[in-house]
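Me: I'm new to this one. Can you walk me through the structure?
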Amino acid sequence: MKFSFSRRKFLQGSALAAAGFTIVPRHVLGGPGYVAPSDKLNIAAVGCGGKADVNIRLAYNNGSANIVALCDVDDRQAKKYRAQFAQAPYFRDYRQLFDKEAKNFDAVIISTPDHMHAPIAMAAMQLGKHVYCEKPLTHDIYEARMLTEAARNYKVVTQMGNQGSSGDDTRKIETWIQKGVIGPVHTINCWTNRPVWPQGVRSPKDRGESQPVPSEVDWDLWLGTAPLRSYHEAYMPTRWRGYWDFGTGALGDMGCHFMDVPFRALKLKYPTSVECSVGSVYSDFFVEAFYDDVCPPSSAIHLTFPSDNRKVNEIKFSWYDGGIRPQVPEGIPYEKVFTSIDGGMMFIGSKGILVAELFGNNPRLFPEEKFEGKKLPDAEKPLVEGKTEGHQQQWVKACKQGYGAYTSSSFEEAGPLTETVLMGNLATRSYMHREARADGGYSFPGRKKLFWDGANMKITNFDYANQFVKRQYRGRYSL
């Protein structure tokens, strides 16, 4: 935290109090709710539109923190907050912001496309700045591992933007599972209606289409670490999620919300294997289309985890997107499982089944007659003030306390979760890989169960897949 010189001198002169002076509390002088400027967290925001609109607003919290610098590669996205924080210097390049303003801010909020999360977060932490980064934490598995280690090494306060981790029901489910309410859990299913943006379509790049770059956009900076391609409005804003060079698809968007709850409730470690299938696209009768630039329209991903419970050999964890849903266990009404359009989660244990919605909301136990009237344990972890809406403020307050202060989704938690989420994308891209055959058809060598060496971040039985662990950055970007 940065204090004014006068405040430092004031604190150093506290011996005056021993000489008979009375220090009047600051909140008395300033009125209820007053926060002295010297006690506010100074925040730089990289990314000002889309999800940043929520992150900046809730972190700023009507002035309880300072927004002291802004950065966006698209002036159109930055318009609102440039007007609101007119005194804050504005940059298009985060590197210039860090070079010129580092002395003036304590923390950084990163709300950019996925492919830029890691280099920006790493640069901030290397400056000793606290970091709030949107989900998924990174674009690649390797990046997630590096940010997890960096947060520990640089001793900064971190938070990933999966706000459901600050919800009451997340904590409730975590306690119920760990207290054995439904017995040892052996199977988990998560599902979502995403993507709600174009996926499984031919991209402008593959069609050879381009458009003039708007004057408000620095296209080279927007591409950042990604390979060079021509500008097209199809990529931005938001729709970049469906393109492999920039986003991580439906899984990357929603996996850190839905998978977070079982991941922490079962204290999952690295998966040992992953396999998948994806929705096919046909451009004509019996003519399958392969759109390598974009994520598929739907997928089903199956992960296997080791179990710490002697009664469970291994934990099966399945993910479904694009509207695909898991089978409902016998005896449970279908309409009581699929209650939310966003998706849901299901824990299957030896003594019952737990179903919940996005963020773990509205948890229900089945069979209903078995759990009706049963006293259930209260959440053991402290609840977060403001619940999911308090996620950004929890981070702000933790930053003011310093390294070691608790946040719901510190990189220590968020990094391994993100690695697991991105394992699904590694499997998907391996599944989609094809090799030409002499007869004019294709073979698909990646359509098999892939075995994962988590400690060494390596697929052991299909080397082609390892290129999706760590990508090559374009230009001078690095971790």
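Predicted model: local features only at pLDDT ≥ 70, side-chain atom pairs only at ≥ 80, totals over all residues.

Me: What is the phi of T238 near?
Reply: Phi of T238 is near 75°. That is a positive value in a residue other than glycine.

Me: And which peptide bond is cis in that part, ending at P237?
Reply: The bond from M236 to P237. Its omega is near -10°. P237 is in the loop between α11 and α12, and α12 covers 249-258.

Me: What about the bond from F366 to P367, cis or trans?
Reply: Cis, with omega near 0°. P367 lies in the loop between β15 and α15.

Me: Switching to sheets. What is the strand order in the open sheet of 9 strands?
Reply: The order is β15-β14-β13-β7-β12-β11-β8-β18-β19. The pairing is mixed.

Me: Which strands stand at the edges there?
Reply: β15 (364-366) and β19 (458-459). Each has a single partner strand, so one side of each is left without a neighbour in the sheet.

Me: How do β8 and β11 pair, parallel or antiparallel?
Reply: Antiparallel, over 6 bridges. β8 spans residues 273-278 and β11 spans residues 299-306. Across that pair, V278 stands opposite S299 in β11.

Me: How many bridges join β8 to β18?
Reply: 2 bridges, and the strands run antiparallel. S273 stands opposite F451 in β18.

Me: Which residues of β18 are on its covered face?
Reply: L450 and W452. F451 and D453 make up the uncovered face. The strand itself is residues 450-453.

Me: And how many residues lie between β18 and β19 in their hairpin?
Reply: 4 residues. The two strands pair in the antiparallel sense over 2 bridges. D453 stands opposite K458 in β19.

Me: Is M457 buried or exposed?
Reply: Buried, with a relative accessible area of 16%. The cut-off for buried is under 20%.

Me: Now the sheet of 6 strands. What is its order?
Reply: β3-β2-β1-β4-β5-β6, an open sheet with parallel pairing. The edge strands are β3 (90-91) and β6 (158-160), and each pairs on one side only.

Me: How many bridges are there between β2 and β3?
Reply: 2 bridges, in the parallel sense. β2 is residues 66-71. The bridge partner of L70 in β3 is Y90.

Me: Helices next. How many residues of α7 are buried?
Reply: 9 of its 10 residues, so α7 (residues 117-126) is mostly covered. Among the buried ones are H117, P119, I120 and M125. Just after α7, G128 takes a positive phi of about 80°.

Me: On to charges. How many salt bridges does the count come to?
Reply: 28 salt bridges. One of them joins the side chains of K387 and D168, at 3.5 Å from N to O. That pair links distant parts of the chain, 219 residues apart. K387 is in the loop between α15 and α16, and D168 is in helix α9 (residues 168-178). K387 counts as partly exposed, at 45% relative accessibility.

Me: Which residue does R474 meet in a salt bridge?
Reply: D220, at 3.0 Å from N to O. R474 lies in the segment after β19 and D220 in helix α11 (residues 219-223), so the pair ties together parts that are 254 residues apart in sequence. D220 is partly exposed at 40% relative accessibility.

Me: What about R437, which residue is its partner?
Reply: D439, with the closest N and O atoms 3.1 Å apart. R437 is partly exposed at 41% relative accessibility, whereas D439 is exposed, with a relative accessible area of 58%. Elsewhere, salt bridges that share partners join K135, R241 and D253 into one network.

Me: Last one. Which residues gather in the patch of positive charge on the surface?
Reply: R310, K311, K351, K370 and K374. K374 is in the loop between α15 (368-371) and α16 (391-401). K374 is partly exposed, with a relative accessible area of 43%.

Terms used
Residues numbered from 1 in each chain as written. Heavy atoms only, no water. Patch = residues over 30% accessible without salt bridge, like charges linked within 9 Å, V, L, I, M, F, W, Y side chains within 5 Å. Areas by Shrake-Rupley, 256 points an atom, 1.4 Å probe, with all protein chains shown as cover. Salt bridge = Lys/Arg side-chain N within 4 Å of Asp/Glu carboxyl O. Lys, Arg positive; Asp, Glu negative; His and termini not counted. Charge placed at Lys NZ, Arg CZ, Asp CG, Glu CD. Buried < 20%, exposed > 50% of the residue type's maximum accessible area, 1.4 Å probe, protein only. Pairing = 2+ DSSP bridges.
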